[in-house]
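Please examine the structure shown below together with its sequence. The paragraphs that follow lead through selected side chains and their surroundings.

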Protein chains: 2
Amino acid sequence: MSQEEGEVSVFRVGLLGHGTVGAAFATLLPVQADRIQRITGLRPELSGVLTRSRGSFEEILEHSDLIVELIGGIDPARDYLLRAMRAGKHIVTANKQLLAHHGEELWDEARVQGVQLRFEGAVAGVVPVIRVLQESLAGATIDRVRGIVNGTTNFILTEMARTGATFEVALAEAQRLGYAEADPSDDVGGRDAAAKMAIIARLAFGTPVHIDQVAYEGIEQIQPDDLEYARDLGLGLKLIGTAERVGATAMSVRVYPAFLYPGHPLASINGPFNAVTVESEAITEITMSGPGAGGPQTASAVLGDVISAMIPPASTPPATETLEIVHDVVSSFYLHLEVADEPGVLASVAQILALQDVSVKSVVQKGMRDQARLVMVVHPVLESRFEAAMELIAGLDIMRAPPRAIRVLEEEFG
Amino acid sequence: MSQEEGEVSVFRVGLLGHGTVGAAFATLLPVQADRIQRITGLRPELSGVLTRSRGSFEEILEHSDLIVELIGGIDPARDYLLRAMRAGKHIVTANKQLLAHHGEELWDEARVQGVQLRFEGAVAGVVPVIRVLQESLAGATIDRVRGIVNGTTNFILTEMARTGATFEVALAEAQRLGYAEADPSDDVGGRDAAAKMAIIARLAFGTPVHIDQVAYEGIEQIQPDDLEYARDLGLGLKLIGTAERVGATAMSVRVYPAFLYPGHPLASINGPFNAVTVESEAITEITMSGPGAGGPQTASAVLGDVISAMIPPASTPPATETLEIVHDVVSSFYLHLEVADEPGVLASVAQILALQDVSVKSVVQKGMRDQARLVMVVHPVLESRFEAAMELIAGLDIMRAPPRAIRVLEEEFG
């Protein structure tokens with residue numbers, strides 16, 4: 001499994017493919033090599049890269065403990081992976097089309113050869129749906145999986161809903177921003193999502209699923225006025241993949257645009273994000289969301305698989321970091337003051353805040369007489385400075401009750 | 001590791017504790033035994049149960065391959081786990097206080113003994129934060145983890161925001177519904193969340209964290225008018241655990257009530273749910289959510305750990321199920337018809353729908369003359385019936401364009 005190089009055991013990773021994800025992986029691996037060595041005891045090193053114009057598969061195979069396949073498509077990826085497994089190598093792949101066509105053949109070969117075949121990057125970028133289905137939920141009977149598993153279409157639908165644009169205009173915007181490829185037909189036609197749902201259904205229900213068994217529709221036919229009417233009904237539109245049990249002996253796997261009510265866990269997933277909801281009687285439901293694609297994100301999922309293949313994740317690695325634990329951090333605050341209803345109150349409070357470098361973001365003065373209140377939100381500040389201000393404010397004659405403060409998280413997301 | 005019993009290898013699971021989670025686990029294990037045997041090749045069996053009044057730890061230890069610890073508290077749980085690991089047994093535990101106090105000692109012992117020590121159930125119920133931090137994100141440098149990791153307080157804050165109730169009234173309601181214990185102080189005071197954040201911080205940053213190093217506040221002091229003012233500002237209030245890097249050499253771990261803006265991934269987590277957002281430059285962020293506690297949910301997380309300990313999750317199990325894949329399922333639809341602006345249009349459409357047993361949930365007639373539209377939502381119906389109706393409607397003289405239909409997901413959540 002590994003070579004000796006002086007003191008350090010090296011784990012040799014052969015990389016097939018050097019496109020967006022492949023290049024990101026080749027950059028990420030050396031950056032994380034030290035950490036991975038601390039976790040696994042082995043140092044991962046790229047043993048070779050196969051591109052369209054350079055490198056020899058045979059040579060890379062001979063010098064690798066594990067093969068990362070990021071060339072995509074069925075051929076020659078399928079042949080490479082079968083040969084690598086027969087040579088006793090572990091496999092990590094992000095190739096959804098290959099698994100949706102020939103998954104059983106590959107998974108069978110992995111079991112026969114006793115090697116690992118991991119594929120988190122194939123389904124929802126960095127959203128860990130494969131690991132959660134295969135491992136966390138191995139002890140649960142799954143009833144249904146619903147997913148937004150294509151970031152391109154989710155971006156386009158979000159744009160159409162936000163701006164009233166037609167499908168064609170929103171697609172052009174997605175292409176301009178790099179969220180859609182020059183030939184977007186696999187994404188917008190639903191076939192990309194169908195491949196991912198075939199893999200998800202196989203894992204959730206233990207039944208072989210070929211992509212041709214997945215019913216799918218795309219979003220090309222969605223009209224702006226559909227979104228307009230839906231908004232009136234309080235509905236949002238997503239391209240939804242569904243894999244679910246039907247009765248005791250059947251299942252259904254399908255992909256289509258669908259309206260969701262606001263309470264649905266997938267309703268708030270906007271832009272180029274992916275999300276998957278897994279339903280099971282025992283657990284109610286779990287929802288996972290994150291960026292759906294992108295080179296660094298998928299490369300990160302691939303690297304997680306590589307690390308798991310290097311050493312089965314059996315125990316917690318030793319605590320090798322020694323970060324100091326600090327308590328005085330920077331926070332934003334909401335401040336609620338019950339004050340006397342008299343002139344100069346705001347001035348007194350503002351003076352104390354300024355003294356401690358606390359900067360006011362917004363202030364509302366409410367109520368009169370013994371209901372008078374000053375409610376403020378302040379900009380991020382070192383908590384010790386804010387606490388000092390609070391103590392001084394508490395000592396003011398004008399206060400009718402102790403000041404109350406609650407932190408405010410400032411960050412904005414997706 | 002296993003005993004022969006005729007043809008089937010048995011994997012013996014000793015259970016310590018028979019409270020809510022322990023009883024749920026003892027029920028779940030035999031229900032899932034067949035599935036687990038198909039996945040792992042081993043048949044899991046309960047080899048003994050230790051309760052307060054019955055059973056002998058030594059005897060259970062002798063007859064088990066793995067010990068599930070669900071008694072909680074520090075003593076005697078700590079001693080039991082150390083002795084079990086020294087006897088070469090794998091451990092699965094949901095004991096957050098034990099890990100937040102003595103995690104390093106236990107993780108060190110697991111590595112020394114070469115046994116697995118898994119603890120998904122200790123942190124966020126069925127939300128797989130431990131596995132994702134330890135495995136999926138092993139290749140990512142984590143910047144920050146934010147979590148709603150206590151379902152009791154999230155339920156109380158949701159109730160206070162929804163009804164305007166005081167903390168005391170909302171707590172009583174939580175107790176009535178079984179979301180809060182008779183002595184709720186660990187939950188509402190923030191100490192339960194602090195223990196969980198200590199474990200999360202240890203995994204995210206590789207630095208030992210004791211619960212006493214976590215700064216925490218509870219929600220007892222939150223006033224209804226804080227929530228009222230916050231609503232005016234568009235903010236929601238949650239008890240938020242934070243573990244984050246501070247500069248290059250330090251970290252902060254803390255728990256406090258905090259206001260969130262609506263775009264925050266944790267802002268929409270309501271009721272007794274848990275959710276965790278992990279931020280890292282490489283992946284942007286992942287959010288995971290699900291039920292925070294409850295016997296069956298935590299038991300399900302424990303069982304996922306047991307299965308992983310039975311066989312390292314290296315390859316995809318064979319496809320042993322043979323569910324039929326069906327395509328004609330039941331769906332609800334939105335229906336958009338561009339119709340002639342004349343009497344009898346609705347009657348013609350309604351007649352066809354009735355003929356195919358399609359039941360109308362809502363209908364809106366909009367526009368006039370060549371803008372006239374009929375927009376309907378229909379109740380769930382077998383898709384083939386709906387398609388038959390669509391074909392008939394498409395053939396009507398009154399149609400100015402082909403009918404358009406989009407599915408509507410009916411289910412409601414959380």
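Is Tyr80(A) buried or exposed? In this predicted model, Tyr80(A) has a relative accessible area of 16%. A residue counts as buried when this value is under 20%, and therefore Tyr80(A) is buried. Phe57(A) is buried as well, with a relative accessible area of 3%.

These two residues also bring us to the aromatic rings. Over all chains, the structure holds 10 aromatic pairs. One of them joins Phe57(A) and Tyr80(A): the ring centres are 4.1 Å apart and the planes stand at 15 degrees, so the pair is stacked. The reasoning rests on a cut-off, because planes under 30 degrees apart count as stacked. This pair links distant parts of the chain, 23 residues apart: Phe57(A) belongs to helix H2 (residues 57-62) of chain A, and Tyr80(A) to helix H3 (residues 77-86) of chain A.

A further aromatic pair consists of Phe259(A) and Tyr334(B). Here the centre-to-centre distance is 4.8 Å and the angle between the planes is 65 degrees, an arrangement described as edge-to-face. The pair crosses between chains, since Phe259(A) is in strand E10 (residues 250-260) of chain A, while Tyr334(B) is in strand E14 (residues 330-338) of chain B. Both Phe259(A) and Tyr334(B) are buried.

Aromatic rings may also be viewed together with charged side chains. Arg407(A) lies over the face of Tyr256(B), at 4.1 Å from the ring centre. In turn, Arg407(B) lies over the face of Tyr256(A), again at 4.1 Å from the centre of the ring.

We now turn to the surface. Which residues form a nonpolar patch there? The patch is formed by Leu346(A), Val360(A) and Val363(A), which together have about 200 Å² of accessible area. Within this group, Val360(A) has its place in strand E15 (residues 360-366) of chain A. The relative accessible area of Val360(A) is 34%, and this residue is accordingly described as partly exposed.

Thr152(B) is found in helix H6 (residues 151-163) of that chain. With a relative accessibility of 8%, Thr152(B) counts as buried. Which residues does Thr152(B) touch, not counting those up to four places away in sequence? With that exclusion, Thr152(B) touches Tyr179(B), Ala180(B) and Asp187(B).

Definitions and conventions:
Residues are numbered from 1 along each chain as its sequence is written. Chains are lettered from A and ligands numbered from 1 in the order in which they are written. This is a predicted model: local features need pLDDT of at least 70, side-chain atom pairs count only at pLDDT 80 or more; totals for chains, interfaces and linings use all residues. Side-chain values use heavy atoms; hydrogens and water are left out. Rings of Phe, Tyr and Trp (its six-membered ring) pair if their centres lie within 6.5 Å; planes under 30 degrees apart count as stacked, over 60 as edge-to-face and the rest as tilted. Helices (H or I, at least four residues) and strands (E, at least two) are DSSP runs, numbered from the N terminus. Buried means under 20% relative accessible area, exposed over 50%, partly exposed in between (1.4 Å probe, protein chains only). A charge sits over a ring if NZ of Lys or CZ of Arg is within 6 Å of the ring centre and within 35 degrees of the ring normal. Patches are made of residues with over 30% relative accessible area and no salt bridge: like charges are joined within 9 Å, nonpolar side chains (Val, Leu, Ile, Met, Phe, Trp, Tyr) within 5 Å. Accessible areas come from the Shrake-Rupley method with a 1.4 Å probe; for residues, only the protein chains shown count as cover. A salt bridge is a side-chain nitrogen of Lys or Arg within 4 Å of a carboxyl oxygen of Asp or Glu. Contact means heavy atoms within 4.5 Å.
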